[in-house]
Structures are given as C-alpha cells and as structure tokens.
Amino acid sequence: MFGRREPVPFAFVAEADRFRSNVTPPPRERPSFGERAGRWLFGLTVVAGLVGSLVIGTPALKPDYTANQPQQSQASQNH
C-alpha cells in the first residue's frame, strides 16, 4: 500500500534557529495623512453602519402585543 519512506534529517531546522542575519530590514514607512484619514473614515463608516442597523432592527425584536388580540374589520363592528 504505502511505500517506505526515508527518514528526513531535521538538522536544517536546528541550523535555522541559530542563524541570525546581520541585515536589518528597512524602516516601515509612516502612513500619509490621506491614508490615515481614509482608515479613520472607513472605521467610522463601519461603526455607523452597525449602530444604524441596531437602531433600525431593535423595534423589530420587540414583541408585538397587538398580535394576541383578535382583529375585527370595520364592517363587523357596525353590525
């Protein structure tokens, strides 16, 4: 069914732990004012959408007490 596999030497993993580079990565660029304003505006839009959906959806979650009362038409009330 399954063929025999050779054992894999894991010496390279041990060597990778000891390896340290003497090359430092370049410093991260600071986001510009436009990027920061865009991120802030996007976050504000997401929060406003969540708050708006909560405000609009909350009345739909409240129980409707008029559903328990039998409904009568105006024609049946006149007779």
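Reader: Is Val 47 buried, partly exposed or exposed, and what is its relative accessible area?

Author: In this predicted model, Val 47 lies in helix α2. Buried would require under 20% relative accessible area, and exposed over 50%. Because its relative accessible area falls in between, Val 47 is partly exposed, at 47%.

Reader: Which residues form a nonpolar patch on the surface with Val 47, and what is their accessible area together?

Author: An α-helix has 3.6 residues a turn, so residues three or four places apart point the same way. The patch consists of Val 47, Val 51, Val 55 and Ile 56. Together these residues have an accessible area of about 390 Å².

Reader: How far apart are the end C-alpha atoms of helix α2, and what span should its residues give?

Author: Helix α2 covers residues 33-61, which makes 29 residues. At 1.5 Å a residue, the helix should span 42 Å. The end C-alpha atoms agree with this, being apart by 42 Å.

Reader: Where does α2 bend, and which proline follows?

Author: The bend in α2 is about 25° and is located at Val 55. Within four residues there follows a proline, Pro 59.

Reader: Which element of the protein chain has the highest mean pLDDT?

Author: The protein chain has 3 helices and 0 strands, and its mean pLDDT is 77. Helix α1 (residues 11-18) has the lowest mean pLDDT among the elements, 58. The highest, 94, belongs to α2.

Key: Residues numbered from 1 in each chain as written. Predicted model: local features only at pLDDT ≥ 70, side-chain atom pairs only at ≥ 80, totals over all residues. Heavy atoms only, no water. Helix = DSSP H or I, 4+ residues; strand = E, 2+ residues; numbered from the N terminus. Expected span 1.5 Å × (residues − 1). Bend = angle between axes of the 7 residues up to and from the residue. Patch = residues over 30% accessible without salt bridge, like charges linked within 9 Å, V, L, I, M, F, W, Y side chains within 5 Å. Areas by Shrake-Rupley, 256 points an atom, 1.4 Å probe, with all protein chains shown as cover. Salt bridge = Lys/Arg side-chain N within 4 Å of Asp/Glu carboxyl O. Buried < 20%, exposed > 50% of the residue type's maximum accessible area, 1.4 Å probe, protein only. pLDDT = per-residue confidence, 0-100.
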